[in-house]
Amino acid sequence: MMITEQQITKELIPILEQVSDPEIPVLSIMDMGVVRSATIENKVVKVQITPTYSGCPAMDVIGDDIQKALSDFGYQSTIELVLSPAWTTDWITPKGRKALEEYGIAAPLDPISDKAALLEDKRIVKCTICGSQNTKLVSQFGSTACKALFKCDDCQEPFDYFKCLK
């Protein structure tokens with residue numbers, strides 16, 4: 001499910017695109033797909049957000065950052081956490097996937113390839129530094145629970161891979 005403009009009042013999009021994901025600052029919350037809806041009702045912006053995983057510690061910061069950004073543009077706002085349906089890596093925009101790669105985090109693969117890379121030692125996660133697929137899993141968990149740590153056997157550099165969540 002991708003976010004559509006019908007779910008977000010058009011004038012709010014540029015404001016929300018300025019709010020960065022606190023764990024991956026090169027991505028906006030719009031790129032990550034955590035904004036479920038944002039509408040203006042009775043002069044108050046109501047924003048629904050979904051965590052990338054249940055218990056994500058960044059959600060409080062994201063909520064505060066949304067309220068500050070909207071306040072800077074003269075809006076009052078309320079933030080609602082929506083847990084169902086659960087967030088999926090399918091909600092990361094193409095722009096967000098590109099930004100992840102440029103930042104040094106391999107974008108999520110499809111579910112079957114993800115399992116093959118994480119559980120079967122298949123060398124299919126592309127190194128974000130040199131582009132080689134001669135990579136191997138170092139740890140199921142990287143810098144955060146939603147990432148795994150990989151190492152490239154060609155350039156010898158470690159990098160994070162954003163796990164596929166469906």
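Predicted model: local features only at pLDDT ≥ 70, side-chain atom pairs only at ≥ 80, totals over all residues.
Which residue in E2 does isoleucine 40 stand opposite?

1. Isoleucine 40 stands opposite valine 45 in E2. The strands concerned are E1, residues 35–41, and E2, residues 44–49, which are paired in the antiparallel sense over six bridges.

2. The hairpin of E1 and E2 has two residues between the strands, and asparagine 42 adopts a positive phi there, near 55 degrees.

3. On pairing with strand E3 (residues 76–81), E2 runs parallel to this partner, and six bridges join the two. Within this pairing, valine 44 stands opposite glutamine 76 in E3.

4. As for the overall architecture, the protein contains five helices and seven strands. Their order from the N terminus is α-α-β-β-α-β-α-β-α-β-β-β. The radius of gyration is 17 Å, close to the 15 Å that the globule rule gives for 166 residues, so the protein is as compact as a globular protein of that length.

5. Taken along the principal axes, the box filled by the C-alpha atoms is roughly 55 × 25 × 25 Å. Of the 166 residues, 43% count as buried, and the accessible surface comes to about 8,700 Å², with 52% of this belonging to carbon and sulfur atoms.

6. Concerning contacts in the protein with a separation of 6 or more, 52% are accounted for by residues 24 or more positions apart.

Technical notes
Residues numbered from 1 in each chain as written. Heavy atoms only, no water. Pairing = 2+ DSSP bridges. Helix = DSSP H or I, 4+ residues; strand = E, 2+ residues; numbered from the N terminus. Rg over C-alpha atoms; globule rule 2.2 N^0.38 Å. Buried < 20%, exposed > 50% of the residue type's maximum accessible area, 1.4 Å probe, protein only. Contact = heavy atoms within 4.5 Å. Areas by Shrake-Rupley, 256 points an atom, 1.4 Å probe, with all protein chains shown as cover.
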